[in-house]
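Please keep the structure in view while reading.

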Amino acid sequence: MVKWTELERSTVKAIWEKVDIDEIGPQIWARVLIVYPWTERYFGSFGDLFTITAILKNDKVAAHGKVVLKALDKAVNNMDNMKRTYADLSQLHFQKLEVDPDSFRLLADCITITIACKLKSALSPQSQAIWQKFLYAVVDAMSSQYR
Amino acid sequence: MSLSGKDKAVVKNFWGKVAPKAAEIGGEALGRMLTSYPQTKTYFSHWADLSPGSAQVKKHGATIMAAVGDAVSKIDDLTGGLSTLSELHAFKLRVDPANFRILAHNLILCMAMFFPGDFTPEVHLSVDKFLQNVALALSEKYR
């Protein structure tokens with residue numbers, strides 16, 4: 001289990017408070033699909049993902065970005081319990097959706113970069129380190145049922 | 001994942017905007033890498049101060065970004081253009097190539113931070129590919 005200091009908890013919450021799920025969710029998801037196009041393999045039902053313009057305009061992409069960020073909200077509120085919080089989601093991604101867990105790491109990095117675009121220098125080096133520790137714990141929890 | 005004509009054009013165009021802030025971005029990126037990925041500190045144990053903003057970190061970050069800028073100018077032949085640097089990293093510095101990806105992530109993050117409007121997903125894609133190719137060229141002489 002990951003141990004969190006008071007500073008780490010408050011930093012993660014402070015960053016999360018500045019994230020508008022409806023604004024940032026679609027941006028993050030579009031970024032993942034554009035920068036790492038092989039992740040499109042999981043979204044055959046999303047329609048036109050053939051060009052960058054199409055991805056940026058795709059409603060299903062935008063909606064899914066919000067779904068994923070809402071799930072991240074669970075982690076922010078259950079930092080001491082991430083493996084249990086995400087056990088079902090991890091199972092789902094492994095058994096049913098068959099998602100390569102390396103994709104979680106790519107998504108985590110895109111989340112950080114998109115937040116950096118928004119917060120700019122307000123995301124200090126120390127905050128970045130804490131935020132990334134948090135995200136990599138989420139990635140770990142999401143990978144936990146893969147066996 | 002080799003660079004298309006479009007990737008090269010995007011990278012050169014974006015670099016034109018980044019160049020005036022290159023030294024600052026490099027210093028910032030190196031500081032963030034050392035903070036977020038403490039394993040990278042093992043390569044800099046000879047420095048007195050590894051905190052972001054320290055003189056040594058800023059100076060070395062600028063050096064690195066100057067080399068990235070040089071790579072942009074040699075984008076049509078990265079392996080040839082970065083051959084000497086590859087020898088340096090392979091035989092003298094012996095940096096594990098896994099760290100090139102870590103540095104690339106922090107360079108990208110800083111470019112996004114400094115130029116949020118210009119660092120669109122499309123630019124991000126080409127820059128990510130470019131840095132991956134730079135890493136490959138740097139690893140060329142390793143074995």
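**Annotated span and pockets**

An unreviewed UniProt entry carries the annotation "domain: Globin" for residues 2-143 of chain B; positions are in the numbering used here, feature names are shortened, and annotations may be inferred rather than shown by experiment. The model is predicted, with local features needing pLDDT of at least 70 and side-chain atom pairs pLDDT 80 or more, while totals for chains, interfaces and linings use all residues. Residues are numbered from 1 along each chain as its sequence is written, chains are lettered from A and ligands numbered from 1 in the order written, and side-chain values use heavy atoms, without hydrogens and water.

In chain B, residues 2-143 are 70% helix and 0% strand, and their end C-alpha atoms are 21 Å apart. Helices (H or I, at least four residues) and strands (E, at least two) are DSSP runs numbered from the N terminus.

The largest pocket holds about 760 Å³ of space. A pocket is an open set of points on a 1 Å grid over the protein atoms alone, where a 1.4 Å probe fits, with protein on both sides within 12 Å along at least five of seven lines; lining residues have an atom within 4 Å of a point. Grid points are joined across faces, edges and corners, and the volume is the space filled by probe spheres set on them. Of its 29 lining residues, H60(B), I64(B), H89(B), L93(B) and L103(B) lie nearest the centre of the largest pocket. α3(B) contributes the most to this lining, six residues.

The second largest pocket has a volume of about 630 Å³. Its lining has 28 residues, with W29(A), V68(A), H93(A), F104(A) and L107(A) closest to the centre.
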